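Colleague: Could you walk me through this one? I'd like to go through a few spots slowly.

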Amino acid sequence: MSTKAVNVLIADDDPLIAATLRQILSDRGHNAYVAKDGRAALQVLTRHKIEFVLMDIFMPDQDGIETLKEIKQTFPETMVGIMSGGGIRGRFDFLDMALRLGADGIAQKPISRAQLLDMVENCNFPAQRTAY
């Protein structure tokens, strides 16, 4: 494998999803950290040099949208991908809002292995905002 190892933070309140994504990334040679919500994610970001955050929108305590804004303000060099299984509520599209607030990519859950690796391994291209 010639892919550069990336330090990734997965923020998701579903432990099975977080563990699965972490395993996929670890198997590919990436360093993957897990946080259960936005507050925990921000704590990990202060302790580790994270290059890419993959975060759910709907989490307890601090949601992904609020956390996205904080990450982009405090850690502007960190790429952020937002994912959600319920990205549209009524007439409001939370994934679209995440892009407008600075997310570098979005994905509808369930995210495939190929989508996950594409988002993480192409994180060096911040000019691209991509819906997967």
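Colleague: Where does Asp61 lie?

Modeller: Asp61 lies in the loop between strand E3 and helix H3 (64-74), where helices (H or I, at least four residues) and strands (E, at least two) are DSSP runs, numbered from the N terminus. This is a predicted model, in which local features need pLDDT of at least 70 and side-chain atom pairs count only at pLDDT 80 or more, while totals for chains, interfaces and linings use all residues. Residues are numbered from 1 along each chain as its sequence is written, and side-chain values use heavy atoms, with hydrogens and water left out.

Colleague: Is Asp61 buried or exposed?

Modeller: Asp61 counts as exposed, at 54% relative accessibility; buried means under 20% relative accessible area, exposed over 50%, and partly exposed in between, with a 1.4 Å probe and protein chains only.

Colleague: And what is phi of Asp61 near?

Modeller: Phi of Asp61 is near 70 degrees, a positive value in a residue other than glycine. Most residues other than glycine have a negative phi.

Colleague: Changing topic, what about Asp56: buried or exposed?

Modeller: Asp56, which is found in strand E3, is buried, with a relative accessible area of 5%.

Colleague: Which residues does Asp56 touch?

Modeller: Leaving out residues up to four places away in sequence, Asp56 touches Ala11, Asp12, Asp13, Gly64, Met83, Ser84 and Lys109, where contact means heavy atoms within 4.5 Å. The side chains of Asp56 and Lys109 are also joined by a polar contact of 3.3 Å. A polar contact is a pair of N or O atoms within 3.5 Å; within protein, one must be able to donate a hydrogen and the other to accept it, and residues adjacent in sequence count only if both atoms are side-chain atoms.

Colleague: What is the peptide bond from Lys109 to Pro110 like, cis or trans?

Modeller: The bond from Lys109 to Pro110 is cis, with omega near 0 degrees, and Pro110 lies in the loop between strand E7 (105-108) and H5.

Colleague: Now H1, please: which of its residues are buried?

Modeller: In H1, Ala18, Leu21, Ile24 and Leu25 are buried. Seen down the axis of H1, these buried residues fall within an arc of 130 degrees, so they line one face of the helix; the arc is that of the directions from the helix axis to the C-beta atoms.

Colleague: What does the face turned away carry?

Modeller: That face of H1 carries the exposed residues Pro15, Leu16 and Asp27.
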